[in-house]
Amino acid sequence: MTLIAIWSDSPSEHVYIASDSRLSDIYDKTKKPWDCASKIFQVADFSEVVAYCGKTEPLLVAISQTAQCLRYTDNLSKSGNSMAPQLTTRVTAACKHLDDAIKSYPKGWMGSGGNMFFVGYDKRERKPRVFRVRVNLRGVICKKDDKPFEQKEVDFSTEPQFFGSGEKTAKNYLAKNNHDNANAAFNCLKSTIFGERIRSVGGVPQVFRVDAKGVTPIGIVLDGEAFLGGMKLQYRSKMKNVEWRDKSFNICEYLLDATVKRSKQTKRKKKPKNVV
């Protein structure tokens, strides 16, 4: 299962979306879960991301494909000009692709339903918006008249919103804490993930921020390690497009950059050639 958190300390300017990173077998609890799964995908070149919330891996795959489809479809790739389609049009297109993908799966593959979250900056409304798309075994759920696809907008303007496994636990944490800033919302998500009560969520939180400038991936520095998209980074590289936060969601230095700086400062000076 998946725990999704959506919040903002400035709803007219930006929105954060975050999730846990665990994939587990809901039918065989003896299998060890995997805590490094990406569940939020950026639509490249756009101020948009799509996120997975469910119990079935085929839905996760279909949602990741949706991000690619939106980027490369000619009629949907006109960004930043008067001919650009409305955000709601792009949400509908995402629903159509997701619906087609689910209906193409062999019988029994889906296992169960779930949700896709579509987060984007609406340039016409001049604010970020979040849409929740529900999915069942037959495809994307429609309204009562079967048309169009059901796209419920999520209101994050007054308080953080949680969905999925651990939703009630996260809301209980929220009720006990001040939730008027991004740190508090993240800490509620983190406490739920790291707690032992909800076994279907785990790993390190993965976070993205969406605003008028685009999508900012947020890396987490935890216990001396750097994580991005739920995965621990094993290499040394500058990542200037990533914003780094510590375990309390405060802005911090990129851990690996700091390590490189220290190694340069402590490098021994070369001995002059004329000195014996």
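Student: How many salt bridges does it have?
Tutor: The count comes to 12 salt bridges. Keep in mind that this is a predicted model.

Student: Okay. Which aspartate does lysine 39 form a salt bridge with?
Tutor: Lysine 39 pairs with aspartate 20, and their closest N and O atoms are 3.2 Å apart. Both residues sit in the loop between β2 (14–19) and β3 (40–42), 19 residues apart.

Student: Are lysine 39 and aspartate 20 buried or exposed?
Tutor: Lysine 39 and aspartate 20 are both buried.

Student: And arginine 90, what does its side chain meet in a salt bridge?
Tutor: Arginine 90 meets glutamate 48, at 2.7 Å from N to O.

Student: What about glutamate 150, which arginine does it meet?
Tutor: That one is arginine 134, with 2.9 Å from N to O. Glutamate 150 lies in the loop between β7 (139–140) and β8 (152–153), while arginine 134 is in strand β6 (residues 127–136), 16 residues apart.

Student: Why does glutamate 150 count as partly exposed?
Tutor: Because its relative accessibility is 22%, and the buried class means under 20%. Arginine 134 also counts as partly exposed, because its relative accessibility is 35%.

Student: Which residues do salt bridges with shared partners join into one network?
Tutor: Arg209, Asp211, Glu243 and Arg245 are joined that way.

Student: Let's switch to the hydrophobic side. In the largest nonpolar core, which residues touch the most other members?
Tutor: Leu59, Ile63, Leu98 and Phe118 do, in a core of 29 residues. Two or more core residues come from each of β4, α1 (57–72), α2, β5 (114–122) and β6.

Student: Which element gives the largest share?
Tutor: That is α2, with seven residues.

Student: What does phenylalanine 118 touch?
Tutor: Leaving out residues up to four places away in sequence, the contacts of phenylalanine 118 include Val49, Val50, Leu70, Val91, Ala94 and Phe131. Glu48 and Arg90 are also among them, and those two are the salt-bridge pair with N and O 2.7 Å apart.

Student: Nice link. How many residues are in the other core, apart from that one?
Tutor: The other core has 23 residues, among them Trp7, Ala18, Phe162 and Val204.

Student: Ala18 brings me to β2. How many of its residues are buried?
Tutor: Six of its six residues are buried, so to speak a mostly covered strand. His14, Tyr16 and Ala18 point one way, and Val15, Ile17 and Ser19 point the other way.

Student: Which way do β1 and β2 run, parallel or antiparallel?
Tutor: Strand β1 (residues 3–7) and β2 run antiparallel, joined by four bridges. Tryptophan 7 stands opposite tyrosine 16 there, and a hairpin of six residues joins the two strands. β2 also runs antiparallel to strand β10 (residues 206–211), with six bridges between them, and serine 19 has glutamine 206 as its bridge partner in β10.

Student: New topic: why does aspartate 122 count as buried?
Tutor: Because its relative accessibility is 7%. Aspartate 122 is in strand β5. Its side chain makes a polar contact with the side chain of arginine 129 at 2.8 Å, and a polar atom of that aspartate side chain lies 3.1 Å from the backbone nitrogen of glutamate 125.

Student: Last one: which residue in the turn between β11 and β12 has a positive phi?
Tutor: Aspartate 223, at about 50°, in a hairpin with two residues between the strands. Isoleucine 220 stands opposite phenylalanine 227 in β12. The hairpin of β12 and β13 has two residues between its strands as well, and there glycine 229 has a positive phi of about 65°.

Terms used
Residues are numbered from 1 along each chain as its sequence is written. This is a predicted model: local features need pLDDT of at least 70, side-chain atom pairs count only at pLDDT 80 or more; totals for chains, interfaces and linings use all residues. Side-chain values use heavy atoms; hydrogens and water are left out. A salt bridge is a side-chain nitrogen of Lys or Arg within 4 Å of a carboxyl oxygen of Asp or Glu. Buried means under 20% relative accessible area, exposed over 50%, partly exposed in between (1.4 Å probe, protein chains only). A nonpolar core is a set of buried Ala, Val, Leu, Ile, Met, Phe, Trp, Tyr and Cys residues joined through side-chain atoms within 4.5 Å. Contact means heavy atoms within 4.5 Å. Two strands pair if DSSP finds at least two bridges between them. A polar contact is a pair of N or O atoms within 3.5 Å; within protein, one must be able to donate a hydrogen and the other to accept it, and residues adjacent in sequence count only if both atoms are side-chain atoms.
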